[in-house]
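Student: I am new to this structure. Please take a close look at where its chains meet, and then follow the parts that lead on from there.

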Amino acid sequence: MLRIENLEVYRGRTYVLKGISLEVGRGEIVALIGANGAGKTTTLKTISALLHPHRGRIAYRTETDQELALDRLPAEEIVRQGVSHCPEGRGVFAGLTVRENLVAGAYLRRDKPGIREDFQRVYELFPILEQRASQTAGSLSGGEQAMLAIGRALMARPRLLILDEPSLGLAPLIVARIFALLAEINARGVTILLVEQNAIMALDLSHRAYVLETGRVTLSGASSAIACDEAVRRAYLGGQSR
Amino acid sequence: MRIQRKTLLVVVLILAGLGGVAVAQRSLNDYVLSLVNFVGIYIILAVSLNITNGFTGLFSLGHPAFMAIGGYTTAILTFPVQRKAYFLAGLPEWLARTEVPFLPSLLVGGVMASLAALIVGVPVLRLRGHYLAVATLGVLIIVQVLITNLESVTRGPLGLNGLPALTDLWWVFPWVVVTLFVSWKIKFSSFGRTMLSVREDDLAAECCGVNLFRTRLAALVIGAFFAGVAGGLWAHLVTAITPKSFSLVLAFTIVVMVVVGGAGSITGSVVAAVVFSVLTEFFRPMEERLNIYGLGEIFMALVMIFILIYRPMGIFGPREPRLLKPDDA
Amino acid sequence: MTGGYITQQIVNGLILGSMYALVAIGFTMIYGIIRLINFAHGDVVMIGAFVTLGLLQILGWPFWLVSLCVLAAGAFVGLCIERTAFRPMRGAPQVTGFITSLAVSIMIQNLGIVFVSAQPRNFTFPGFLQQLLRVGPVSFRAVDLVIMATALVLMAALILLVRKTRLGVGMRATAENLDVARLMGININRTIMATFAVGGALAAVAGLMWGGKFGQIDPLLGFVPGLKSFVAAVIGGVGSIPGAICGGYILGLAEVLFVGLLPPIYSAFRDAFVFGTLILILLVLPNGLLGKRMEDRA
């Protein structure tokens, strides 16, 4: 569904992504792991057109089997094509209520009955959100905000869901719950590209994985294989081995 | 050897400047001479505001208030005794009997402005950003209103006129040099770096042990001193001073000079001050001939927008050209 | 000093406050969404006044039509200001945006002087609005009632827009976090343009009111109300629409009451008192009455 070819991205004058290539197939859960500063968030931001690549292509296959060049589209259009991004740090709109956040997620959609249906689905997945529907998002706990962010991304009825470190700052129990919910979402047909520092959980959840190390993909393959790989530890520590 | 060379260069430049002053005083006509004086005063204003707004990042609109305080103080001190009795009946005895020469009057004016900055700064400097701007605007208005209404001391809305025309290039040039020198010294000292850190990230600065309040207050007070002196120079150039002389429009003009030149850059402030004051004067005869007033301002506004679109940090940004930096910077 | 006199002063203060509030809302909405002060906002007021003059007195159009045109004109000018002074500056430091909008303000004022001349023009509303009404000890003209009612209606409409509509959610989301709003598919450019248009429309209507209330307009008219509305928005807390409304009314009331209630010798100190109060409010509440803490936006 998504194919990145030789992507090079600069942030300011820093050369962050030095030519990476990766692929996400329909229905898969793909994990992108690596240490801080490896370029994981940069990759996701470039897919969503918050950043622009210096070189390289991002190809996306739509519902109608058309191939689009995401690197040429504006951010709004990418969302319209079914790519939903759950950003780093959750990014919930603190001043808006839970319900309004979800409305924001469905911003581009016009089909009222469909939106209502999705509200139900999100409340099913995350009952706590229904309880707190009229509370401001800023008053939610970290775990609840993570759920809100994911629910909000789902309101766009995405084909591809991109998540940037959903486990950041959360207690292990909650992380486990969220990852279980992600598996369920995937079972319902949503393709997932997951960026994580918590490599163990990410590899556990995903089918395939890529290891990113200072702007380059150093390893890729089935998650189970990577989990057993010595090199994974090396990627984590940025090149030093124990 | 290199350090000595740069100091030598500066000394030569100053001497050349003084020579230029001598030539100018002799050969230029009155109009051009007064223009050059104004340009010099604007340089002092822009460079001193740069210390407050540029180095430390305070959004202060209060500069003209300090000019007014300094200007009125200087004017009252240099006012001939005979006329004081008539014009300023409300002055205390000791003041009414004295007439002070220009230099001490300017210095006292500057000090009074600094004191005012101290008094004003204590409450107001707790505010940040736009809130600070509005508060300093309030200070400006309050000072204006006070001056207008303390008629016995300031002669109210009529102001003081017939001030001795003491300002000429021999006074303006040295003060420009002093302002530039002090500003330059501060910028490349550890105190200057402290100011910069407060501007960039005050939370981080505080964590490094910087006393935010004192740094900001110092920036305001130092800037105010030179504003006060500039006010005194202005008053004795125009030979008149009224509460409206130092208005909000002037505040904006100086802020524009600092920002367009590059907030934090001394060179930027100087260049912008010169360019703006010269260009505005340039348009005046054209406006009068064509009878279309406002053209000059439109043009200046376009220039401002144009410069800021291509260089949003101002012409020089926060830096100085390499030539003008100290050798170890 | 009778109760009637005080009530009269309060009414006057509310009318002035209505106008300040309408303009302050625009300031605060624009600041809320792009973190920049629109200095040219006050001049939209002036344009609204002149459009009213042109259409009502010179062309003699019916009042309701003129009002609609004024709203449209204000929206249009707001959009122009966004395009010229703010879109190129996105991402620049705050003070830069302040200066470009100041430049646009200077241009608008001077273009006004060039094309219309600096002479103040007289302005009169149609007869039926000039009627004198009496409620108990308070007397006011029909104009005043219309001004207050219109202001309240517009403010209510605005709050509905911001709280209940999809566009409103988009505006608030963009104001909170521009990048995440883009991830929702919100078109940032259009949302910002909408903000400027709405703010401009409100300011233009304030101009219509100003002309009707004070009877005389000139191209530099926008400067003082613009400044005072900016102050009002700050008192209320920049970025907060209810704050701007409160700030506008507080400022309007303070201005009128200081002159009306204190002995006449203090009248000249009015502006000083008003600003002194402002500074006191800010000292107690450094983020204004309803403001959130200032976030930095790169």
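**Where the chains meet**

Tutor: In this predicted model, 20 residues of chain A are in contact with 15 residues of chain C. Two elements of chain A give two or more residues to this side: helix H2 (75-80) and helix H3 (98-105). By class, the chain A side has 12 nonpolar, five polar and three charged residues.

Now turn to chain B. No contact joins chain A and chain B. Their closest C-alpha atoms lie 16 Å apart. Two pairs of chains touch, and the pair with the most contacts is chains B and C. Here 33 residues of chain B are in contact with 33 residues of chain C. On the chain B side, the elements that give two or more residues are helix H6 (102-124), helix H7 (129-149), H13 and H15 of chain B. H7(B) gives the most, with 12 residues. This side of chain B has 24 nonpolar, six polar and three charged residues.

Chain C is the partner in both of these contacts. Chain C holds 11 helices and four strands. Along its principal axes, its C-alpha trace spans about 60 × 50 × 35 Å. Of the 298 residues of chain C, 54% count as buried. Take the contacts in chain C between residues at least 6 apart in sequence: 76% of them join residues at least 24 apart.

Next, the nonpolar cores. In soluble globular proteins, nonpolar side chains tend to be buried together. The largest nonpolar core here has 194 residues. Those with the most contacts inside it are Ala46(B), Leu22(C), Ala204(C) and Val205(C). Helix H12 (residues 212-238) of chain B gives the most to this core, with 16 residues. A second, separate core has 80 residues, including Ile33(A), Ala49(A), Ala106(A) and Leu154(A).

Leaving out residues up to four places away in sequence, Ala46(B) touches Ile254(B), Met257(B), Val258(B), Gly261(B), Ser269(B), Ala272(B) and Ala273(B). Ser269(B), Ala272(B) and Ala273(B) are among the buried residues of H14(B). Others in that group include Ile266(B), Val270(B) and Phe276(B). What covers the buried residues of H14(B) includes helix H2 (30-55), helix H9 (169-187), helix H13 (248-261) and helix H15 (295-310) of chain B. H14(B) runs over residues 266-290. At 1.5 Å a residue, its 25 residues should span 36 Å, and its end C-alpha atoms are 37 Å apart, so the helix agrees with that expectation.

How far can chain B be trusted? Its mean pLDDT is 83, and 95% of its residues reach 70 or more. Confidence in chain B is highest in H12(B), at 91, and lowest in helix H4 (residues 81-87), at a mean of 71. Where pLDDT is low, the predicted coordinates should not be read in detail.

Last, one residue of chain A. Phe126(A) sits in the loop between helix H4 (112-125) and helix H5 (127-131) of chain A. Phe126(A) counts as buried because it has 22 C-beta neighbours inside 10 Å. Beyond residues up to four places away in sequence, Phe126(A) touches Met147(A) and Gly151(A). Glu63(A) is 63 residues from Phe126(A) along the chain, and their C-alpha atoms are separated by 27 Å.

Conventions:
Residues numbered from 1 in each chain as written. Chains lettered and ligands numbered in written order. Buried ≥ 20, exposed ≤ 12 C-beta atoms within 10 Å, placed from the backbone. Contact = placed C-beta atoms within 7 Å. Expected span 1.5 Å × (residues − 1). Nonpolar A, V, L, I, M, F, W, Y, C, P; charged D, E, K, R; others polar. Core = buried A, V, L, I, M, F, W, Y, C linked by C-beta atoms within 7 Å. pLDDT = per-residue confidence, 0-100.
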